[in-house]
Structures are given as C-alpha cells and as structure tokens.
Amino acid sequence: MSSRAEDERFMAAAIRLSRRNLGLTSTNPSVACLIVKDGVIVGSAVTAPGGRPHAETQALAAAGEAARGATAYVTLEPCSHHGRTPPCSEALIAAGVARVVVAVTDPDERVAGRGLAMLRDAGINVETGILEKAGKEALAAYLNRQTKKRPYVTLKLAVSADGMLGRLGEGQVAITGPVSRGQVHVLRAETDAILVGIGTALADDPELTCRLPGLEARSPVRIVLDPRLELPPASKLAQTARQVPVIAVTEKDGKDDPAFLARQSALEALGVEVLICDPRKLDALLTALATRGISSLLVEGGARTAQSFLDAGLVDRILMFSGGVTIGRDGVASPFVSGRVPPGFALRHAARYGADMLQEYERGD
C-alpha cells in the first residue's frame, strides 16, 4: 500500500506533466497519467495535441503488461462515456490496474463521478482529492468552461513605476525587461486565445504570437475587439492571419454599409474571421468562444479593454508585471496598481523576474 507522501509525490509529477500540453488539446483538458509499480514509473503520458488520444490509454500502452497490479495516478477523473474513443475507465479496468489515484473529479455531466464508480465496481481501489488544489489550478481553464460555460480569463498588465501602461501616441513602450517578456510568451504558449482592443491593435500593431524558439507553433488564436472593423489589412495581425488565426469581433454585418462591407471583404481575403457579436457584450462573446472550445483567454490590452472586463466581473486572474520605468505625464493610467487591486481578488503568488516584479491575483470564488 502506498503512503500518502508517495501518492502526493507521484501526483505532483503528474500535475507537472499535465502542463506540457496546455493550450494544445482543443476542447479536451490537458490531463496526465502515470502508471507506477513498486515505486517505479512504468508508463506516463499527457493528453495528445488536438485532445486525443487521452493520457490514460497512452500511459497504459507504454506500461504494457507492467500495468497489471500497478497504480495509475491521473490528474482528472478518467472518462466514463463513449465518444470518439472508448472510456478511459474501461481501459484501466482492462489493463488490470489495482489502484487509481485521482486529483480532481470531472464536473462534465457525462462523467461527474461515473468514472470513479466504474472503477470501484470493478474492484479497483480508488483514492480521490490527492493534491486537489494544485490539480484544480492546472485544470482551471477546463473546469471554468465546464462550470461557468465561458473561458478562464487572465488579465495581463505591465505597469510602470508611476502606474502607467504606456504613453499616448507612442505605440509600444518597453516597461518590463526581457525576462518578464519571455514569461509572457510562455503564457501565450499555454493559452487558447489572446485578446486586445482595437485601440491597442492600431497604436501598437502587435503580432501577439509566441516567439520563443521552438514554441512558435503554440501561438494562440488572436482576437481583436473591433466594433467598426478598423483593423488595417496591412497590420501584422491581418498579414499573418493565415499562419495563426485572427478573429475580429464587430457589432454588425456589412450588408447595409458599403464601406464596412469593403473593409470586411479585405480582411476576410487575408484570412481574418469576422465574428458578429457586439464587443461590448463580453459575457455573450465569452459564451461564443467557449462553444468553440476556447477554455483559456489572455487579455493583454489596453486600459479600456482591461477595465471593461473588470467591470463585467469576467476576470478570474490578474498577472501584474511591475517595471522600474517611469512614463510621466503623457502616460496611459493602469486600471489599478500594486496594493490596490479590485475587490474580490487576493494575492496568490509573487516572483521577481530580473529587475521586474510579478504579482498574481486570483478571484476569491
């Protein structure tokens, strides 16, 4: 019989492994599974890019006959329903595992305890809630989409020493250093979609891709809140739309407005998707994104867009990078600064990246 300490050690390893494919598994969560026998990992896997195959079947295949009598550590309850593939609970039973240890129970109504019941009915010893808090953090995007029917929203801000996000009329201003910027690119690689307002798109002409060597293919879907469809066809976003998807969210179609229709046609010719959904109705937009399988959304700017998400109560986590640069009188003020975050948020983590400070705040619920 494994000790609690041993269970936590292997589950911690599984949770670390599960983060490897964050942002790559489509509508499915990034789950990890370790098959352990006599204290040795004999098989391990994470949900494959695209969402299939699942972690359990891959780990069992790697373990082979060694899975019989072993313990399976799984970050999310094994599925119990037939989809494109048979249930993972059935695969664990067929492989002859003796014990299954689970971090988080799946809220999906097709599972929701049924996977655990199948395992127990087959005589398998099942333990749940091992490192549940850490497991929920790793699965936050998936759990949020299942329970709230919208993506998990992270608001990222880079704030100067005098509380500014940038300088009026000057486009992108370097507030933080290279280490912080590298962390932001890692964040992009782990996120399904990234969003900015049209003001930021026009002022900064950002690309919003992941540009870390080796992770370029993990760039998120790029979304622009663009009520009047002002995104220039010559912008970096429009010019790269066929390489990395771009969605322009606008409030109307162009049927009765020839100029609007011309702008729409020009963007669509470059591969930009034009989504008719009033950008001011953020809750409806997030619901629409969730139906597309987008579980995590990174809001990067600017100040007005950040404030609109905060006012709507749709931000789940705030990442505030604080740099030592002073912007001055022409600065664009941040919605808040260190120590004065919106009500309902609590500081969960702080770290230093080079000369910069990162503070991570999370909504209490």
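Reader: Which residues does Cys-88 touch, not counting residues up to four places away in sequence?

Author: This is a predicted model, and in it Cys-88 touches His-54, Glu-56, Thr-57, Pro-78 and Cys-79, leaving out residues up to four places away in sequence. Cys-88 itself is found in helix α3.

Reader: Is Cys-88 buried or exposed?

Author: Buried means under 20% relative accessible area. Cys-88 has 1% relative accessibility, so it counts as buried.

Reader: At which residues does UniProt place the feature "binding site"?

Author: The unreviewed UniProt entry places that feature at His-54, Cys-79 and Cys-88. These residues span 35 residues in sequence, yet no two of their C-alpha atoms are more than 9.4 Å apart, so they gather at one spot.

Reader: Where does His-54 lie, and what is it in contact with?

Author: His-54 lies in the loop between β2 (40-46) and α2. Leaving aside neighbours within four places in sequence, His-54 is in contact with Asn-28, Cys-79 and Cys-88. His-54 has a relative accessible area of 18%, so it is buried.

Reader: Where does UniProt place the feature "active site"?

Author: The record, an unreviewed entry, places it at Glu-56. Glu-56 is found in helix α2, residues 55-63. At 4% relative accessibility, Glu-56 counts as buried. Apart from residues up to four places away in sequence, Glu-56 touches Cys-33, Val-74, Leu-76, Pro-78, Cys-88 and Leu-92.

Reader: How are two packed helices described?

Author: Two packed helices are described by the angle between their axes and the distance between the axes. Here, the axes of α2 and α3 cross at roughly 20° and come within 9 Å. Angles under 35 degrees count as roughly parallel, and α2 and α3 are therefore roughly parallel to each other. The crossing in which α2 passes α3 is left-handed.

Reader: Which residues meet between α2 and α3?

Author: From α2 come Glu-56, Thr-57 and Leu-60, which meet Cys-88, Ala-91, Leu-92 and Ala-95 in α3. By class, this contact has five nonpolar residues, one polar and one charged.

Reader: At what angle do α3 and α4 pack?

Author: Helix α3 (residues 88-95) and helix α4 (residues 114-121) pack at an angle of about 20°, and their axes are 9 Å apart. They are therefore roughly parallel to each other. The crossing of α3 and α4 is right-handed. On the α3 side the contact is made by Ser-89, Glu-90, Leu-92 and Ile-93, and on the α4 side by Gly-115, Met-118 and Leu-119. The residues of this contact divide into four nonpolar, two polar and one charged.

Methods: Residues are numbered from 1 along each chain as its sequence is written. This is a predicted model: local features need pLDDT of at least 70, side-chain atom pairs count only at pLDDT 80 or more; totals for chains, interfaces and linings use all residues. Side-chain values use heavy atoms; hydrogens and water are left out. UniProt positions are given in the numbering used here, feature names are shortened, and annotations may be inferred rather than shown by experiment. Helices (H or I, at least four residues) and strands (E, at least two) are DSSP runs, numbered from the N terminus. Buried means under 20% relative accessible area, exposed over 50%, partly exposed in between (1.4 Å probe, protein chains only). Contact means heavy atoms within 4.5 Å. Axes are lines fitted to C-alpha atoms, for helices over the stretch in contact, and angles run from 0 to 180 degrees between N-to-C directions. Angles under 35 degrees count as roughly parallel, over 145 as roughly antiparallel, 65 to 115 as roughly perpendicular and the rest as oblique. A crossing is left-handed if the near helix is turned anticlockwise from the far one by less than a right angle, and right-handed if clockwise. Ala, Val, Leu, Ile, Met, Phe, Trp, Tyr, Cys and Pro count as nonpolar, Asp, Glu, Lys and Arg as charged, and the others, Gly among them, as polar.
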